[in-house]
Amino acid sequence: MTVLRDPEQAETRLLHALISFADKDVLEVGAGDGRLTWRYAAATRSVLALDPAADCIARAKVATPPELRTTLTFQVGDITTTRLPQAEFDLAILSWSLC
């Protein structure tokens, strides 16, 4: 059985109502397979999306649309141990990251 996530786009609308992603550098913690990433990435200047699960990151990389490949980076890593770039981020977001 396929589970549809946010078929009415309610989560996506709320995300954009609460946060302006326009020209922002975003750090996404616990990006998984990009479930949340795809809802905002096109509006950003750049995204670094981290997740410790290599299989999820591999799926996200394959699914990345060509037009986002210069601004969106999926990386295997844990936020507590990953060395982040010296540049600062304008936003840090996470969703469904806590067990």
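Biologist: Which residues does V26 touch, setting aside those up to four places away in sequence?

Modeller: This is a predicted model. In it, V26 touches F21, Y40, T44, S46, V47, L48, F89, L91 and I93, with residues up to four places away in sequence not counted.

Biologist: And what stands opposite V26 in strand 4?

Modeller: L91 does.

Biologist: Which residues touch the most other members of the largest nonpolar core?

Modeller: That core has 16 residues. F21, V26, Y40, V47, L72, F74 and I93 touch the most other members.

Biologist: Which elements each supply at least two residues of this core?

Modeller: Strand 2 (46–51), helix 2 (54–63), strand 3 (72–76) and strand 4 (91–94).

Biologist: Give me strand 1. How many bridges join it to strand 4?

Modeller: Four, and the two strands run parallel. Strand 1 covers residues 25–29. In that pairing, A92 of strand 4 is the bridge partner of L27.

Biologist: How many bridges between strand 1 and strand 2?

Modeller: Five, again in the parallel sense. D25 has S46 of strand 2 as its bridge partner.

Biologist: How many residues of strand 1 are buried?

Modeller: Five of the five, so strand 1 is largely enclosed by the rest of the structure.

Biologist: Which way do its side chains go?

Modeller: D25, L27 and V29 point one way from strand 1. V26 and E28 point the other way. All of these are buried.

Biologist: Stay on L27. Why does L27 count as buried?

Modeller: Its relative accessibility is 6%. Buried means under 20%, so L27 qualifies.

Biologist: What is L27 in contact with, leaving aside neighbours within four places in sequence?

Modeller: L48, L50, I79, L84, F89, L91, A92 and I93. Take I93 as one of them: L27 and I93 are 66 residues apart in sequence. Their C-alpha atoms are 6.4 Å apart in space.

Biologist: How are strand 2 and strand 3 joined?

Modeller: Five bridges join them, and they run parallel. The chain crosses from strand 2 through helix 2 to strand 3. This β-α-β crossover is right-handed.

Biologist: What stands opposite V47 in strand 3?

Modeller: L72. Both V47 and L72 are among the core residues that touch the most other members.

Biologist: Which residues of helix 2 are buried?

Modeller: C56, I57 and A60. Seen down the helix axis, they fall within an arc of 95°, so they line one face of helix 2.

Biologist: Why would that spacing put them on one face?

Modeller: An α-helix has 3.6 residues a turn, so residues three or four places apart point the same way.

Biologist: What covers the buried residues of helix 2?

Modeller: The cover includes strand 2 and strand 3.

Biologist: And A60, buried or exposed?

Modeller: Buried, because its relative accessibility is 0%. A60 is found in helix 2. Leaving aside neighbours within four places in sequence, A60 is in contact with G32, D33, G34, W38 and F74.

Biologist: How are A60 and G32 separated?

Modeller: Their C-alpha atoms are 7.5 Å apart, and the two residues are 28 residues apart along the chain.

Biologist: Last topic, D23. Where does D23 lie?

Modeller: In the loop between helix 1 (10–18) and strand 1.

Biologist: What is the phi of D23?

Modeller: Near 55°. That is a positive value in a residue other than glycine.

Biologist: Is D23 buried or exposed?

Modeller: Exposed, because its relative accessible area is 55% and the cut-off for exposed is over 50%.

Definitions and conventions
Residues are numbered from 1 along each chain as its sequence is written. This is a predicted model: local features need pLDDT of at least 70, side-chain atom pairs count only at pLDDT 80 or more; totals for chains, interfaces and linings use all residues. Side-chain values use heavy atoms; hydrogens and water are left out. A nonpolar core is a set of buried Ala, Val, Leu, Ile, Met, Phe, Trp, Tyr and Cys residues joined through side-chain atoms within 4.5 Å. Buried means under 20% relative accessible area, exposed over 50%, partly exposed in between (1.4 Å probe, protein chains only). Contact means heavy atoms within 4.5 Å. Two strands pair if DSSP finds at least two bridges between them. A crossover is right-handed if, with the strands pointing away from the viewer, the path from the first strand over the helix to the second runs clockwise. The arc is that of the directions from the helix axis to the C-beta atoms.
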